[in-house]
There are 2 protein chains.
Amino acid sequence: MGDAVGLRERKKLRTRRALIEAALRLFEEKGYEETTVAEITAAVDVSTRTFFSYFTSKEDVVFFDGEARVEAALKMIADRRPAETVVDLLLRVTSHSLDAVTDADLTVELTPARRHLITTVPALRARGLDLLFETQQRLAGALHRAYADELDPIEAAAAIGSLMGAAHLATTISMERGETPEQVWAAGRRAMEIAIRGLSSIG
Amino acid sequence: MGDAVGLRERKKLRTRRALIEAALRLFEEKGYEETTVAEITAAVDVSTRTFFSYFTSKEDVVFFDGEARVEAALKMIADRRPAETVVDLLLRVTSHSLDAVTDADLTVELTPARRHLITTVPALRARGLDLLFETQQRLAGALHRAYADELDPIEAAAAIGSLMGAAHLATTISMERGETPEQVWAAGRRAMEIAIRGLSSIG
DNA sequence: ATCATATTTGCATCCATTGCAAATTTGCAC
DNA sequence: GTGCAAATTTGCAATGGATGCAAATATGAT
């Protein structure tokens with residue numbers, strides 16, 4: 001990612017970065033729907049058309065670091081430790097997946113503001129869910145490959161879907177209830193434990 | 001739903017139904033993105049503007065029966081049987097959730113064609129995932145209410161998220177592998193069993 | 001038949017998105 | 001340095017979804 005060899009690449013990276021920062025700032029200041037692509041590009045002083053050669057849509061700019069996060073998780077699964085169980089590996093992956101990642105020389109965490117945008121704005125929420133689901137498909141594939149002898153594709157999918165489905169819904173509901181970040185985090189962990197133990201453990 | 005008292009209501013129902021049928025037919029014939037709202041309304045002989053007083057967006061017309069399905073599931077959860085376990089109830093709900101439901105006098109099943117559209121067209125897939133997630137939130141709330149003494153909100157969320165997350169990802173991957181409808185159905189059932197037994201049962 | 005209300009319709013408008021060809025910039029060879 | 005080929009940016013036109021609004025219609029109760 002961080003291979004800015006020539007002037008060309010460096011300039012592109014700078015433009016991309018500037019577009020992301022301007023967009024996120026404007027989205028926070030005046031709201032996503034109230035911000036036009038023209039306003040974003042005006043703030044960076046490039047043409048509107050250029051925006052769409054960097055991002056395929058206005059939504060995309062909010063998920064600029066998604067691919068880096070996914071790749072980090074995929075790598076962890078592919079490089080799994082020899083005797084590690086599926087559950088241990090997945091817990092290790094999820095606990096690291098929230099760390100900051102570097103994308104195109106732009107290191108960012110999933111700030112509360114961004115998280116709020118993604119869960120609040122319908123267009124972003126839908127896009128985020130689509131990306132999340134695609135991620136789950138890729139992780140399930142990687143998990144199957146990493147444990148080819150023990151897990152068939154459906155079992156791998158069930159494992160990823162169950163764990164991530166439980167954690168995602170639980171954290172969302174925790175947030176919706178206005179709980180503190182610590183409580184939200186705890187909700188996610190409890191949900192994963194339930195997924196690991198099985199539903200019958202609570203019925 | 002089926003209370004078409006006056007001419008007014010009957011006419012509206014007829015228009016709504018005609019719009020849905022024309023839209024689905026056109027989407028199948030020439031593709032979702034290639035079909036304009038103007039073409040749909042032309043086929044029904046109403047103005048383009050009218051379309052948007054029946055549906056909030058072009059995507060919405062594909063999910064016309066979503067609300068009816070969700071309400072059926074919510075009702076089943078609310079009317080749970082006295083001594084029934086959470087797992088038994090949820091299995092009963094999921095096995096019935098695929099039955100045909102009646103929406104505005106229009107009874108429909110989730111045809112393969114419609115399913116294909118929803119999983120294929122990015123805009124529909126994203127919208128469908130948004131609706132599915134919203135459904136999960138509502139089901140989790142209902143489950144918590146139905147088992148208020150046994151499940152707190154987070155546990156209810158973990159249960160719904162785990163079960164539906166596993167089933168959805170497993171069926172999607174099964175479909176993607178080109179498996180038969182029977183195999184897809186079996187994949188969903190296996191995934192739910194794994195969610196119920198717990199991930200540790202496969203590691 | 002008539003009036004109040006509910007619907008439909010016809011604009012005008014905004015904005016995201018895309019294709020295309022012209023203009024500009026960059027990297028490299030000479 | 002110059003000049004050329006390739007990569008980028010830009011301007012422009014066009015498409016299509018979505019919304020607000022006021023005029024035109026249709027409906028139903030008296």
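Predicted model: local features only at pLDDT ≥ 70, side-chain atom pairs only at ≥ 80, totals over all residues.

Q: How many residues line the largest cavity, and which lie nearest its centre?
A: There are 15 lining residues, and Phe133(A), Gln136(A), His168(A), Phe133(B) and Gln136(B) lie nearest the centre.

Q: How do the lining residues divide into nonpolar, polar and charged?
A: Eight are nonpolar, seven are polar and none is charged.

Q: What volume does the largest cavity have?
A: About 200 Å³. The structure holds one cavity of 30 Å³ or more.

Q: OK, on to how the chains meet. How many residues are in contact between chain A and chain B?
A: On the chain A side it's 46 residues, in contact with 47 residues of chain B.

Q: What area do chain A and chain B bury between them?
A: About 3900 Å², with 70% of it on carbon and sulfur atoms. In chain A, Ile154(A), Leu169(A) and Leu199(A) lose the most area to chain B, and together they account for 18% of what that side buries.

Q: Why quote an area there?
A: Because the size of an interface is often given as the accessible area lost when the parts come together.

Q: Let's zoom out. How many helices and strands does chain A have?
A: Nine helices and two strands. Along the sequence they run α-α-α-α-α-β-β-α-α-α-α.

Q: What does the C-alpha trace of chain A span?
A: About 55 × 40 × 25 Å along its principal axes.

Q: What percentage of chain A is buried?
A: Buried residues make up 48% of its 203 residues.

Q: Now chain B. Which residues of helix 5 are buried?
A: In helix 5 (residues 86–96) of chain B, the buried ones are Val86(B), Val87(B), Leu89(B), Leu90(B), Arg92(B) and Val93(B).

Q: What covers those buried residues of helix 5 of chain B?
A: The cover includes helix 4 (66–78), helix 7, helix 8 and helix 9 (181–197) of chain B.

Methods:
Residues numbered from 1 in each chain as written. Chains lettered and ligands numbered in written order. Heavy atoms only, no water. 1 Å grid on protein atoms, 1.4 Å probe; cavity = no way out; pocket = protein on both sides within 12 Å on 5 of 7 lines; lining within 4 Å. Points joined across faces, edges and corners; volume = space filled by probe spheres on them. Nonpolar A, V, L, I, M, F, W, Y, C, P; charged D, E, K, R; others polar. Helix = DSSP H or I, 4+ residues; strand = E, 2+ residues; numbered from the N terminus. Buried < 20%, exposed > 50% of the residue type's maximum accessible area, 1.4 Å probe, protein only. Contact = heavy atoms within 4.5 Å. Buried area = accessible area lost by both parts, 1.4 Å probe.
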